[in-house]
Amino acid sequence: MSDKQPPTAPSVSASHIERQRSWLPSLIWLIPIVAALIGITLLIRMVQDRGPEIILTFKTAEGLEAGKTAVKYKDVQVGLVTHIRLAHDQSHVRALVQLDKNAKAFLSEDSRFWVVRPRLDVSGVSGLGTLLSGAYIGADPGVAEETTDEFIGLEAPPPITRGTDGRQFRLTTADLGSLDIGSPVYYRRIMVGQVTTYELNKDGSGVSLQVFVNAPYDRFVGTNTRFWHASGVEAQLSASGFTVRTQSLATALLGGVAFGAPDDAAGAIADANASFTLSPDQATAFKMPDGPSQLVLMHFSQSLRGLAPGAPIDFMGIEIGEVKSISVEYDKVAGKFRMPVLARIYPDRLQGKAGSKESSQDADRLRFLSQKGLRAELRSGNLLTGQLYIALNFFPKAESVKINLHDSPIELPTMPRSLDELQTQLQEIVGKLNKVPYSEIAADLRKTLNTLNKTLSSADQTMRRVDSDVVPELSAALQDARKAVNNADRALATDAPLQQDMRQVLQELTRAATSVRILTDYLADRPDSLLRGKPKDPTP
């Protein structure tokens, strides 16, 4: 074995590997970076799409809920209620509303907001759809250039929203009657609009209303159009019977307004916001203008019970005025009370010729009529209610009275009421009847009745005697008469000898009558034969 070692391999030193450092980040960090970029993008877009915030004030938060109650316009959501809180003075609630980006038009200061919920009012039933979906806030954008972020919400929906075709008109009346916001407006019994607002005049003299007439019916409102109250039921009792008029059942219960034109002549189309007078009824609306009025004073000496302010002044069946006031005063000269009645008449209703000449001035017309015997007289207007009215009529036999046309008011002469005169006459008759001695008449009548009773008793006794004495004798006489008639019937029978003798007598009478006729005819021809005799027959 050899001691020779194999040669050793050369030693290799351990190698050191160094990794090259990269400056690029790890891919895992890309995920949060992308998420952050997406979040920032969404935040920026949300901020850009976020609309303005507004505050709505309501008396109560009934039906409102934060995060759920929407704000809608034409059933399209334009916002959402985010917060609801109570005001510091606890008088109302404040709702914070987040509007959409495209809802900037609702920032106009004349924009309107209200809570839509089920309602029952004069305009009908509304908001029934919210029974299932819940209440929401209705919106109506404004048109003003000024903007604001705080609004006072309406407690009821507006009757007319912006964008509705039609025109608005202004009406003035003495009182509101049964009208309210939403009351219907009728034309020929068709609902064409409604009442939008009303307010008391600044001086308190009346009420102003705003009515909206929908298109295309607004073109029927002309310069000569008349408006009147169509509320309630109008009843009329005339010679044709009992008549009841109403626009509809709704107006009878809730009230309404109607309009029309006399003789269908509405004239030119009225401008928007034109002013008209609202008359109490249709008859007043179509009545001719009264013109200037004249105050007259009338003194009556009889009771005025049944006469009230507003009673008509009638002339020949035409109403020409009305009573304004009634009072009482003591006439020291006559030593009695008299009742002055102040009335307002309209002389223009007495147009035309007065007598044989034209009367152009009111004073001259009154003077002329008074000279013709014009007097004022109380008359009964209704026998059931006892209401009175004043009638102007002519009394040609009345004493002439001068009217002082410079007095204000002008004093018009009067005549006693014919019914009062009749009552006085009846009282006189009753007084005379009271003076009649009814007791003495009753005593005499009693005596007469006693005498009559005695007479009737005597007559009764006489009739009894007749029944007992006379009636049997009359019966016997009637039997004898009946026997005589039977004997006469037998004597006049056909085969009776008496009848044959009567025939012979009648024949002899007939021949004698013939001879007398011949003799009279001969004497008529030869009257001298009475002196000379009958001439001899001529020799053949």
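The largest nonpolar core has 24 residues. A nonpolar core is a set of buried Ala, Val, Leu, Ile, Met, Phe, Trp, Tyr and Cys residues joined through side-chain atoms within 4.5 Å. Buried means under 20% relative accessible area, exposed means over 50%, and partly exposed lies in between (1.4 Å probe, protein chains only). This is a predicted model: local features need pLDDT of at least 70, side-chain atom pairs count only at pLDDT 80 or more, and totals for chains, interfaces and linings use all residues. Residues are numbered from 1 along each chain as its sequence is written, and side-chain values use heavy atoms, with hydrogens and water left out.

**The cores**

- Within the largest core, the residues with the most contacts are Met 298, Phe 300, Leu 307, Ile 313, Val 341, Ile 390 and Leu 392.
- Helices (H or I, at least four residues) and strands (E, at least two) are DSSP runs, numbered from the N terminus.
- Leu 307 is in contact (heavy atoms within 4.5 Å) with Val 323, Ile 326, Val 341, Leu 378, Leu 388, Tyr 389 and Ile 390, leaving aside neighbours within four places in sequence.
- A second, separate core has 20 residues, among them Val 213, Phe 227, Ala 274 and Leu 278.

**Strands 26 and 27**

- Strand 26 spans residues 374-380, and five of its seven residues are buried.
- Strand 27 covers residues 388-394 and pairs with strand 26 in the antiparallel sense, over seven bridges.
- Two strands count as paired if DSSP finds at least two bridges between them.
- Glu 377 stands opposite Ala 391 in strand 27.
- Strands of a sheet pair through backbone hydrogen bonds, either parallel or antiparallel.

**The barrel**

- Seven strands close into a barrel, in the order 10-13-12-11-17-14-18, with mixed pairing.
- Neighbouring strands of this sheet are turned by 35 degrees against each other on average, direction ignored.
- The axes behind such angles are lines fitted to C-alpha atoms, for helices over the stretch in contact, and angles run from 0 to 180 degrees between N-to-C directions.
- Strand 11 (residues 184-187) and strand 12 (residues 190-200) run antiparallel, joined by four bridges.
- Tyr 186 has Met 191 of strand 12 as its bridge partner.
- Val 195 also sits in strand 12.
- Val 195 counts as buried because its relative accessibility is 0%.
- Val 195 and Ser 183 are 12 residues apart in sequence, yet 5.3 Å apart in space, C-alpha to C-alpha.
- Beyond neighbours within four places in sequence, the contacts of Val 195 include Pro 159, Asp 180, Leu 209, Val 211 and Val 257.

- Lys 74 has a positive phi of about 55 degrees although it is not a glycine.
- Asp 75 has a positive phi too, near 65 degrees, and is a residue other than glycine.
- Lys 74 is exposed, because its relative accessible area is 68%.
- Asp 75 counts as exposed at 64% relative accessibility.
- A cis peptide bond runs from Ala 215 to Pro 216, with omega near 5 degrees.
- Pro 216 is found in the loop between strand 13 (207-214) and strand 14 (226-229).

**Ser 111**

- Ser 111 lies in the loop between strand 4 (93-100) and strand 5 (112-116).
- With a relative accessible area of 8%, Ser 111 is buried.
- A polar atom of the Ser 111 side chain lies 3.0 Å from the backbone oxygen of Ser 108.
- The Ser 111 side chain also reaches the backbone nitrogen of Gly 142, at 2.9 Å.
- Not counting residues up to four places away in sequence, Ser 111 touches Ala 105, Phe 106, Asp 140, Pro 141, Gly 142 and Phe 151.

**The whole protein**

- The protein has nine helices and 28 strands.
- Buried residues make up 27% of its 540 residues.
- Among contacts between residues at least 6 apart in sequence, 63% join residues at least 24 apart.

How values were computed: A polar contact is a pair of N or O atoms within 3.5 Å; within protein, one must be able to donate a hydrogen and the other to accept it, and residues adjacent in sequence count only if both atoms are side-chain atoms.
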